[in-house]
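Student: Please take a close look at one helix and what surrounds it. Then connect that to the packing elsewhere in the model.

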Amino acid sequence: MVKVGLIGAGKMGISHLAILGAHPDAEVVGVCDTSKMVIEALEKYSPFPCFTDYKKMLQQSKPDAVVVAVPTKYHASMVKELLQMGIHVFVEKPFCLRPEEGVELIQLAKSRNLVNQVGYHNKFVGTFEEVKRLLKAGAIGDIYHFMGQAYGPVVIKPKQDTWRSNPEEGGGCLMDYASHVIDLINYLLSPVQSVQSSSLKSIFSKQVDDAVYAMMSLQNGVSGILSVNWSDETHRKMTTSVSINGTKGKIVSDANELKVYFKDAACPAGYSRGWNVKYVTDLTAPVDYYLRGEEYSAQMDHFIKAIQGKVPNEVNSFESAAKTDNAIALIRKAQQ
Amino acid sequence: MKMERILFGDNQFFAVNHISDEKSMAQSIRFKEDAAIIKTLDHAMEAGIQTFMCTTHDRIANICDVIRQQPEKYKDFKIYPCMPYAHKYANAVTELGIMGTIKQYVPGNFFGSLFKGGVAFLSKDFLSIMELLIDAEMKMFKGINTPVIFLQNVVTDLLLGLGMKDILVAFHDYVKKKYNAEAGFITMNMPALLNMLEEGGVKNPIICASINKVGFRMSGGKELYEETLRTRQFRAIAMQVLAGGAVSPKEAIEYVCGLPNIESILFGASSRTNINDTVSLIHKYDQVYTTTP
């Protein structure tokens, strides 16, 4: 049994908590949130020990691992404290507000040999995993262009503020939404090296960006476009997609459907010349407990298994998430 | 009260498509006008389906108006509301936080009294918040026959993972008391949910779960689902029988009709042809399996 604590029972925290609560190898030894109401509800109706002070939780519950799902501005200091105590850490995305904060944490986790993971769940989506496999095999030849997109209806009218609408706390479409797409590009193709130009638009928000458009180049020389908008109500929920052009074909994928075009008959097993369509239903491994998507359970299962030493701590390490933080900083800097 | 063998779903009306964002947009365009929804419901009724299982989406309120205006036409028609329309709340939580969302959606009077009583009062009264939210979602169905009221899977499964058995039981008890309706639970974790409901003393619950030949969204595995259907007492509704298109309709329906203890099959379709084809397949395989010893 891995003893797990959770700090921050907001939207993502509650979801992680339910997944951990149902996990056969995890024991939730403590939940902490500053909202009295949330904690009282959990105290009254859930079996988990509850706290409003995370330091108290760490002292009393002595977790082996902690899931951190607090506003981004607290990530760096909290994660550092946990690592110094020898605790394995899963932290929500984005990793840190400033790229330099991440460097120390990567070193610390490494030197203490602690499992470290960031919540970029798209890497556990069957369609994107298949895209990675195809690209690794060089299936569509030399890549020369990509387009990464995400759209959804988060801020669709002028509204009151939360931490997500405060740029100092890690709010805004770039940090919250675009980070997923950037991280996916980093993972599928190559880390972002430079940003030629970018535009961060506020559509309904007063203080933060609601849309991000950017032209970027990757370390492997490939260039492409990022287009993300969380004020787009034509999408019922967040939809993330990538389109990748290569000399031998093209890949278009979202979290549900993978479409691959091959120019000629020399293509991987299970594919043929022309368009191929595969669905996430065929590409997703089943999970023991399902909430909102297999990927959320799969990423938490990966974290638990990495602590148990059953899988290597490779996917979504601090190191990979720091590259995404870096790209976020580059996009901010390149604003026109 | 026995549920009908075939229930008509609403995903197609609200651009819910589990396998294709493109199809989802096409559906959104096709069902832009309420009249298009009514017309499709007519096709379902012509095919003999009298139960519409739908999310408490804002647009369902308009459909309810149409139903109330024509009592003769809809005299045998039933709606099984499924609440809440989760994306409304999920997007609100991202934007407003959990407290902000409650402030926005819990009816005004309650918060007035809430602040008077302070936090201590609030902590005792989570179930009252739940009851007020249920009432808010049920408003649009006034005067319509709603014999079963469902909790959507995102909430059912969240409560399951959090171990909040008492809230699941409270939902069950409240819809019985206030609406004289049976509670239904939609889930992607059927065997685990049944265990929890039974622990909470809910006997023979109505559970709507993803049940299909390829094991899609059947957490715990297809074998465990089949065994649960064989050996346990509950009223199962099979949904996602086509597994998002991964199985051919014929194969999909044959599998589900061959399973024991499935009281109803839920499906949604946009065209008259697809509705009729699915209904005939269900009738055909029901006959095959009831006549085979």
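Tutor: In helix 7 of chain B, the buried residues are N153(B), T156(B), D157(B), L159(B), L160(B), G161(B) and L162(B). The model is predicted: local features need pLDDT of at least 70 and side-chain atom pairs count only at pLDDT 80 or more, whereas totals for chains, interfaces and linings use all residues. Residues are numbered from 1 along each chain as its sequence is written, chains are lettered from A and ligands numbered from 1 in the order in which they are written, and side-chain values use heavy atoms, with hydrogens and water left out.

Buried means under 20% relative accessible area, exposed over 50%, and partly exposed in between (1.4 Å probe, protein chains only). Helices (H or I, at least four residues) and strands (E, at least two) are DSSP runs numbered from the N terminus. Helix 7 spans residues 153-162 of chain B and is mostly covered, with seven of its ten residues buried. From chain A, helix 1 (11-22) and helix 2 (36-45) pack against these buried residues. Chain B itself supplies strand 4 (148-151), helix 8 (165-179), strand 5 (182-187) and helix 9 (190-199). After the helix comes G163(B), with a positive phi near 75°.

L162(B) is among the residues touched by L42(A), together with A9(A), L17(A), V31(A), C50(A) and M164(B), leaving aside residues up to four places away in sequence; contact means heavy atoms within 4.5 Å. A nonpolar core is a set of buried Ala, Val, Leu, Ile, Met, Phe, Trp, Tyr and Cys residues joined through side-chain atoms within 4.5 Å. The largest such core has 111 residues, and L42(A), F8(B) and F52(B) are among those with the most contacts inside it. Helix 8 of chain B gives the most to this core, with seven residues. A second, separate core of 47 residues includes F262(A) and Y271(A).

Aromatic rings are the next topic. Rings of Phe, Tyr and Trp (its six-membered ring) pair if their centres lie within 6.5 Å; planes under 30 degrees apart count as stacked, over 60 as edge-to-face and the rest as tilted. Over all chains there are 15 aromatic pairs. For Y261(A) and W275(A), the ring centres are 5.3 Å apart and the planes at 65°, so the pair is edge-to-face. F262(A) and Y271(A) also form an edge-to-face pair, because their centres are 5.6 Å apart and their planes at 75°. Both F262(A) and Y271(A) are buried. Ring pairs link F8(B), F13(B), F14(B), F31(B), F52(B) and F267(B) into a cluster.
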